[in-house]
Amino acid sequence: MTGPTESASPDLLIIGGGIHGCAAAFFAAKRGMSVTVLEKDSVARHASGVNAGGVRRLGRDFAEVPISVRSMEIWHEIGSLLDDETGFQIAPQIKVAENEAELAKLSERAEALEMQGFRHEVLLDRAQLRELLPAVADHAVGGLACLDDGFAQPFWATTAFRRKAEKLGARFIEHVAAERIEQDGTGWLVTTASGIIRASKLLVCAGAWSGALAAQLGEDAPVRGIAPLMIVTARLPHFCDAVVGAAGRPLSFKQMPNGTVVIGGGRRGIADPARNRSEILFSQLNLTAETAISLFPIMAEATIIRSWSGIEGCMPDEIPVIGPSKRHEGIFYAFGFSAHGFQLGPAVGETMSELIATGATQTDLTAFAIDRFENHRRSQGGQQ
Amino acid sequence: MSERSDIVIIGAGPAGMACAIEAAGKGLSAVVLDENPAPGGQIYRSVESVGQKRLDILGPDYAKGKALVSAFRETAGIDYRPCSTVWNIGSDRRVEFSQGGRSFGILAGSVVVATGALERPSPVPGWTLPGVTTVGALQILLKGSGVVYDDAVLVGAGPLLWLLAAQLVDAKTPPKAIVETTPPRHVLGLLPQLFGSLAAPGYLRKGLSMMRKVRRAGIPHHSGATNIRIEGDSQATAVRFESRGRSHHIASSTIALHQGVVPNQQITRLLQCDHFWDDSQKCFRPLLDERRQTSIQRVFVAGDGAGIEGAASAEMQGRLVGLLIAAEAGHVENERIDSLQSQLKREASVRPFLEKLYAPSSEVLSPADETIVCRCEEVSAGAIRKAVDDGAPGPNQVKSFLRTGMGPCQGRVCGLAVASVISQRTGKPPEDVDYYRIRPPLKPLQLSELAAYDGASPDKAVG
């Protein structure tokens with residue numbers, strides 16, 4: 001146990017108490033740093049408390065694959081790592097192909113991934129698909145799967161990182177927003193409504209709210225708030241063990257251990273980060289409902305008892321910003337996970353703590369650089 | 001293209017009907033959506049169709065509803081849609097509802113929430129057993145179909161307990177007993193409030209006459225009941241309690257619980273209207289301005305959904321909202337508006353007395369650890385207290401930990417009880433503890449119905 005719990009000027013101040021902030025707090029505290037996490041609402045209030053909970057390597061952007069694979073290793077040990085309940089359980093993640101053309105595309109992807117040395121995605125033929133998904137519709141021809149992916153309870157998992165971080169001395173300040181960030185010698189001053197916090201290093205992982213903080217630091221990160229929609233049904237008899245997506249249309253579908261079915265994927269409501277609000281658009285959800293029923297005919301009988309959405313940060317290229325500031329010493333970022341950041345949380349936390357504590361990391365973060373949009377805009381501007 | 005209407009009123013009880021009559025009477029288009037097959041709400045349920053015998057049993061205050069319902073039926077321009085379940089309202093005031101297995105959307109110029117009250121949850125040991133119901137549910141059976149049970153024991157607090165008992169006496173199936181949690185001779189301590197309520201003497205007269213009727217019928221009455229516990233394995237068989245230092249056991253297969261009624265907050269919470277905690281009524285109420293508008297523009301509340309004031313007030317509030325909305329469209333009737341407002345003040349004068357007299361029992365506000373609070377997900381008060389101790393500051397975090405309020409009732413039944421347990425455990429007032437964020441759909445919705453819904457009103461879109 002190191003690090004003072006009531007430190008007025010911690011080694012590291014993390015802005016944002018989502019899974020990335022909490023995981024980074026845990027790994028940094030484990031390395032012996034004194035850590036404070038500043039959260040404007042409550043821990044896991046937004047994306048980390050409301051996402052679908054998929055722990056998925058399947059179908060990731062190639063740039064994310066190494067981090068995702070590392071994160072999966074941590075997920076498989078998460079119970080003993082945190083001594084707490086995260087709801088994690090192994091379940092196959094399957095992307096269903098509804099015609100031969102989709103299956104051919106999935107096959108190409110699996111081959112391309114294998115060329116890079118990753119074998120976690122496997123192609124399923126018609127029979128293999130039915131063995132894993134007995135209730136799938138007749139027209140489905142096959143799929144792509146990660147057999148030892150899984151899912152967890154996002155709120156529990158995020159809270160588990162928080163609790164363990166606290167045990168290691170990290171301090172969490174909730175309902176206090178970071179208002180102003182200023183350089184102070186070699187460190188940083190963060191002004192809040194309840195006082196000023198001084199820290200040597202700063203990690204911004206404030207999801208959809210990160211763009212404004214980065215802008216204060218002179219960095220342009222075009223993150224915008226989105227509100228992915230999810231619906232959950234009343235309990236149904238057990239019929240599905242896997243987490244299911246579709247190759248040709250947006251869908252995320254899983255039956256929880258208690259029998260309820262959580263359906264999401266693709267469709268979005270209205271996000272209003274300025275007011276901390278999001279709104280469900282049922283007129284958008286009809287296609288999600290239709291997709292679920294057409295892939296699993298049993299769903300025609302299901303009743304929806306709840307829907308939800310939370311505000312998530314999305315980047316124009318739908319991959320996150322992860323890494324150091326390009327302008328300032330001691331500033332780091334991890335945000336903009338574009339509705340697929342939950343599974344990455346543990347490895348991003350580990351990587352950031354390594355980078356912040358030692359100044360370097362083995363993980364290749366090139367694709368996630370914060371200045372990639374500046375370069376992009378410059379080149380676009382040049383063409384005009 | 002979505003259909004549009006100047007006003008969409010949700011609920012066809014006294015408030016909703018009166019609002020529609022006033023608004024449509026001034027030429028505004030008014031759609032009234034109601035879950036029931038006929039107008040009347042809970043208070044005037046089936047008033048059009050019951051025979052003279054049941055009218056006599058239910059009494060003159062119930063029969064009064066006939067005139068209001070006829071006026072509602074006869075007012076031209078009211079687009080009344082029975083059997084319509086509202087399941088969502090968007091921030092653009094698109095009211096989404098289900099009727100006959102299909103979903104429709106109407107864009108409302110103004111939304112009037114007239115969804116009334118719900119019975120306060122009464123979590124006591126055994127309340128989830130079959131055979132345990134609520135006093136309100138028994139009264140609905142009596143109004144709707146004349147069904148009565150001959151061994152009902154009425155347990156709890158509130159005027160409805162006495163009203164139903166009196167009606168059951170008239171129906172010649174008196175309850176087996178009344179078990180009141182209200183302390184005996186409680187009334188003496190309430191003299192100050194009583195004097196305050198003399199502006200509305202009708203309520204007190206009616207209350208006393210109901211009590212006399214029940215007493216004269218020789219129905220056993222216990223007051224100040226504590227340690228209430230319903231017994232039975234697969235079905236309620238008895239209720240056990242203590243009263244005046246003695247332990248009682250009454251065998252019955254029908255136990256009806258009641259602890260007063262509270263505003264149905266589902267819609268105002270869904271719309272994220274501001275709410276405040278009313279410590280006298282021990283419930284949350286939406287914050288309204290002098291026009292009965294919530295903190296959300298063009299969303300109004302009429303009737304008990306804004307705080308419990310009873311059927312007469314609900315009707316006046318409905319009229320007031322209808323007139324105020326019509327006034328904006330140029331149909332100003334200041335005199336009637338002023339007169340309704342002063343009548344409403346008079347009606348409200350009886351509330352402090354009733355609220356003190358029939359305060360909910362502390363046992364239901366703070367159930368024992370082993371008592372189930374969230375029936376759908378079977379979560380006990382003890383589990384909620386533990387979640388609070390583990391760091392969940394409010395109902396939404398407890399919900400994330402324990403799934404409270406996530407079942408088919410969508411938090412309607414347990415919301416207040418959960419908030420109250422958390423408030424006591426944290427020592428924070430209920431207002432600071434907050435309430436569930438209400439997630440649409442407000443009522444379970446078939447996935448196939450959603451798949452067929454496109455946000456429009458298909459009938460009109462075709463035409």
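Guide: A residue is called buried when its relative accessible area is under 20% and exposed when that area is over 50%, with partly exposed covering what falls in between. The model is a predicted one. Over all chains, the structure holds 45 salt bridges.

We may begin with a pair in chain A. R119(A) and E114(A) form a salt bridge whose closest N and O atoms are 3.0 Å apart. E114(A) has a relative accessibility of 40%, so it counts as partly exposed. R119(A), by contrast, is exposed, since its relative accessible area is 64%.

A second pair in chain A joins D184(A) to R198(A), with an N to O distance of 2.5 Å between their side chains. D184(A) counts as partly exposed because its relative accessibility is 26%. R198(A) is also partly exposed, at 31%.

In chain B, R351(B) forms a salt bridge with E355(B), the closest N and O atoms being 3.8 Å apart. Both residues lie in helix α12 (residues 351-357) of chain B, 4 residues apart, which is about one turn of the helix. R351(B) counts as buried because its relative accessibility is 14%, and E355(B) is buried as well, at 13%. Elsewhere, E22(B), K26(B), E315(B), R319(B), E333(B) and R336(B) are joined into one network by salt bridges that share partners.

The elements of chain B that give two or more residues to the side touching chain A are β4 (84-89), α15 (395-402), β22 (445-446) and α18 (447-451). Of these, α18(B) supplies the largest share, 4 residues. By type, the residues on that side divide into 14 nonpolar, 11 polar and 8 charged.

In contact terms, 33 residues of chain B touch 34 residues of chain A. The two chains bury about 2800 Å² between them, 54% of it on carbon and sulfur atoms. On the chain B side, F401(B), R439(B) and L447(B) lose the most area to chain A, together 23% of what that side buries.

E121(A) is placed in the loop between α5 (100-115) and β6 (122-124) of chain A. Its relative accessible area is 6%, so E121(A) is buried. A polar atom of the E121(A) side chain lies 2.7 Å from the backbone nitrogen of G59(A). With neighbours within four places in sequence left aside, the residues in contact with E121(A) are R57(A), L58(A), G59(A), R60(A), R109(A), A110(A), L113(A), L144(A), A145(A) and C146(A).

How values were computed:
Residues numbered from 1 in each chain as written. Chains lettered and ligands numbered in written order. Predicted model: local features only at pLDDT ≥ 70, side-chain atom pairs only at ≥ 80, totals over all residues. Heavy atoms only, no water. Contact = heavy atoms within 4.5 Å. Buried area = accessible area lost by both parts, 1.4 Å probe. Nonpolar A, V, L, I, M, F, W, Y, C, P; charged D, E, K, R; others polar. Buried < 20%, exposed > 50% of the residue type's maximum accessible area, 1.4 Å probe, protein only. Polar contact = N/O pair within 3.5 Å; in protein donor to acceptor, adjacent residues only side chain to side chain. Salt bridge = Lys/Arg side-chain N within 4 Å of Asp/Glu carboxyl O.
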